[in-house]
Amino acid sequence: MKKVIFSLVLGVGMLASANASAGDAQAGKAKAATCAACHGANGIGTADMYPNLAGQHADYIVKQLKAFKDGSRKDPLMSPMAAPLSDADMADLGAYFASMNASGETAAADAGASATAVAAAPAAPKIVPDAAAGKHLYEMGDEARGITACIGCHGKDGDSLVLINPNLSNQHPEYIEKQLNHFKDGSRDNASMNQVSMNLSEQDIADLGAYFKDPEVKAVAKASGSKSVPVIVSGDVDKGKALSGTCVACHGTDGNALIAMYPKIAGQHEEYITNQLMDFKSGERADPVMAGMVAALSEEDMKNLASYFASQKMTEGSGTDNDKGRKLYLSGDASRGITACTACHGFDGSGMAKAGFPSVANQHVDYLKAQLTKFRSQDRANDSNKMMRNIAVRLKDEDIEALAQYMSSL
Ligand code: HEC
Ligand code: HEC
Ligand code: HEC
Ligand code: HEC
């Protein structure tokens, strides 16, 4: 619950500050007259190929207009539209479209009308889109095929809280599909999205479009969004509890370590805990203290311990939310080659169990700092494909401090 309220406050706060710093919506209205032919007087695209701009983040709109102008995003219709715009024009236009109501009703009504307008569109290929599969892919990704979940960057049901990541929730499904194809074939250039869409099949793209088209699937997604789902574990919790006596001294009775240098392991993902214990035993993750603790444990013991700790609940963290940490966590820093943490650890810090991405929310600040520092110095080197080391080497001390505080506050 804390997280839900927190994200709402965060979202509203960011929107408010964006509006304050951005252009003049009234001036933007006058300048938008030329845009209406395609994007609609109400910001709702007049045909499926024209994206909705109503309610889109101002920052995102400005970034796209700049990209069309400098040629890094190419489109025969938009490039000439953006060419004469000054920075101030772009800011005003962004402010204007962002100030519009993006209500689903308006969008749905218009989408219906536009569907008739382009009724002569070529027949769809022989793919049956599956909205539920699209939702699953959106929320979970597909590790086996190297597809990152979309939810971390674009938010629950496409309501992105990060201003530089576009909202997808109010967008035409056809437009979403078209953009995914552009990212995939490289004709639209964005490092995150080119990578994400590289492995999407035609079927995936159709499924994702269908997900955004289907209000019922989205409603279900919203309802199941609560995090109070009971943890399902595969090992024997009682046996794990019996073995946990030796862990208490450092990790606390139920896995909630009281001393900040020891990680909390309550509520951490089962697979992740098992993997770490195996890595301590093999020496792949080097720690003299933990190596001694696991030396006598069998693989089954480790699984049972993991099941026990995974089924406990982590206590709240004591970190403080801060702009620097939040920005790096949610958006990364493309200029320094730092991937957004949210892509793997989730926007709420809960990670992704199946993919082996640990939960980082509520963890002790000191422990988080220690781990980022160890990844940076390569003293911790058990992350597959150097996923964490490649990111950590680009972090400065002050980044680590800000990130650790932010993650602990999630
Ligand atoms: C002749 C039709 C046309 C006009 C007029 C037009 N646009 Fe566009 N716009 C498009 C098309 C088509 C795209 C999608 C390009 C693509 O597929 O990448 C687009 C994309 C955009 C995007 C990116 C949206 C996203 O979700 O990524 C923005 C922002 C935008 N237009 C703003 C404007 C503004 C502001 C004006 C007026 C100054 C304008 N457009 C005028 C056709 C038009
Ligand atoms: C690491 C963060 C990240 C992930 C993960 C991600 N996206 Fe994106 N996405 C972005 C960013 C950033 C942009 C804006 C690109 C730009 O500025 O041109 C974007 C743009 C898009 C757009 C174009 C929107 C528009 O209005 O033009 C679509 C559609 C999209 N993403 C769909 C997806 C889908 C579907 C997935 C999952 C399969 C996904 N994204 C995963 C960051 C991400
Ligand atoms: C004497 C103190 C001590 C005891 C007892 C101890 N641990 Fe640890 N544990 C640590 C320390 C210190 C670390 C962090 C090591 C590092 O910095 O990489 C750690 C790390 C871990 C991690 C990795 C957590 C993460 O988020 O990556 C797991 C899992 C773990 N311990 C489980 C256990 C289990 C299960 C037991 C009992 C069998 C146990 N520990 C007993 C001190 C201890
Ligand atoms: C490409 C995916 C990916 C990205 C992006 C990513 N991480 Fe990680 N992170 C991982 C994986 C995988 C692990 C676990 C490695 C292992 O198995 O030991 C991890 C582990 C961690 C840990 C240690 C957790 C623990 O309990 O010991 C911290 C802290 C962390 N990441 C923070 C971050 C921060 C901060 C960022 C952004 C600057 C980030 N990560 C970006 C994949 C990622």
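**Close-up views of a predicted model**

**View 1. Ligand 3 and its surroundings.** Ligand 3 is surrounded by 19 residues, and the closest are Cys247, Cys250, Pro263, Asp287 and Met293. Here a residue counts as near a molecule or strand if its C-beta atom, placed from the backbone, lies within 6 Å of it. Helix 15 (248-251), helix 16 (270-282) and helix 17 (288-294) each give at least two residues to this shell. Helices (H or I, at least four residues) and strands (E, at least two) are DSSP runs, numbered from the N terminus. By class, the shell around ligand 3 holds 14 nonpolar, four polar and one charged residues. Ala, Val, Leu, Ile, Met, Phe, Trp, Tyr, Cys and Pro count as nonpolar, Asp, Glu, Lys and Arg as charged, and the others, Gly among them, as polar.

A word on reading these views: this is a predicted model, in which local features need pLDDT of at least 70 and side-chain atom pairs count only at pLDDT 80 or more, while totals for chains, interfaces and linings use all residues. Residues are numbered from 1 along each chain as its sequence is written, and chains are lettered from A and ligands numbered from 1 in the order in which they are written.

**View 2. Ligand 2 and cysteine 150.** Among the 22 residues around ligand 2, Cys150, Cys153, Asn190, Ser192 and Ala343 come nearest. Two or more residues of the shell come from each of helix 9 (151-154), helix 10 (173-185) and helix 11 (191-198). The shell around ligand 2 contains 13 nonpolar, eight polar and one charged residues. Look for cysteine 150 in the loop between helix 8 (131-140) and helix 9. Is cysteine 150 buried or exposed? Cysteine 150 counts as buried because it has 24 C-beta neighbours inside 10 Å. The cut-offs are 20 or more other C-beta atoms within 10 Å of its own for buried, 12 or fewer for exposed, and anything in between for partly exposed, with C-beta atoms placed from the backbone.

**View 3. Ligand 4 and its surroundings.** Of the 22 residues that surround ligand 4, the closest are Thr339, Cys341, Cys344, Gln371 and Asp383. Helix 20 (342-345), helix 21 (365-376) and helix 22 (387-392) each supply at least two residues of this shell. The shell around ligand 4 divides into 15 nonpolar, six polar and one charged residues.

**View 4. Two positive phi values in one loop.** Most residues other than glycine have a negative phi. Now find glutamine 378, in the loop between helix 21 and helix 22: phi of glutamine 378 is positive, near 70 degrees. Glutamine 378 is exposed, because 11 other C-beta atoms lie within 10 Å. Lysine 386 also sits in the loop between helix 21 and helix 22, and phi of lysine 386 is positive too, near 55 degrees. With 13 C-beta neighbours inside 10 Å, lysine 386 counts as partly exposed.

**View 5. Helix 10 against helix 12.** The axes of helix 10 and helix 12 (residues 202-213) come within 8 Å and cross at roughly 150 degrees. Helix 10 is therefore roughly antiparallel to helix 12. Axes are lines fitted to C-alpha atoms, for helices over the stretch in contact, and angles run from 0 to 180 degrees between N-to-C directions. Angles under 35 degrees count as roughly parallel, over 145 as roughly antiparallel, 65 to 115 as roughly perpendicular and the rest as oblique.
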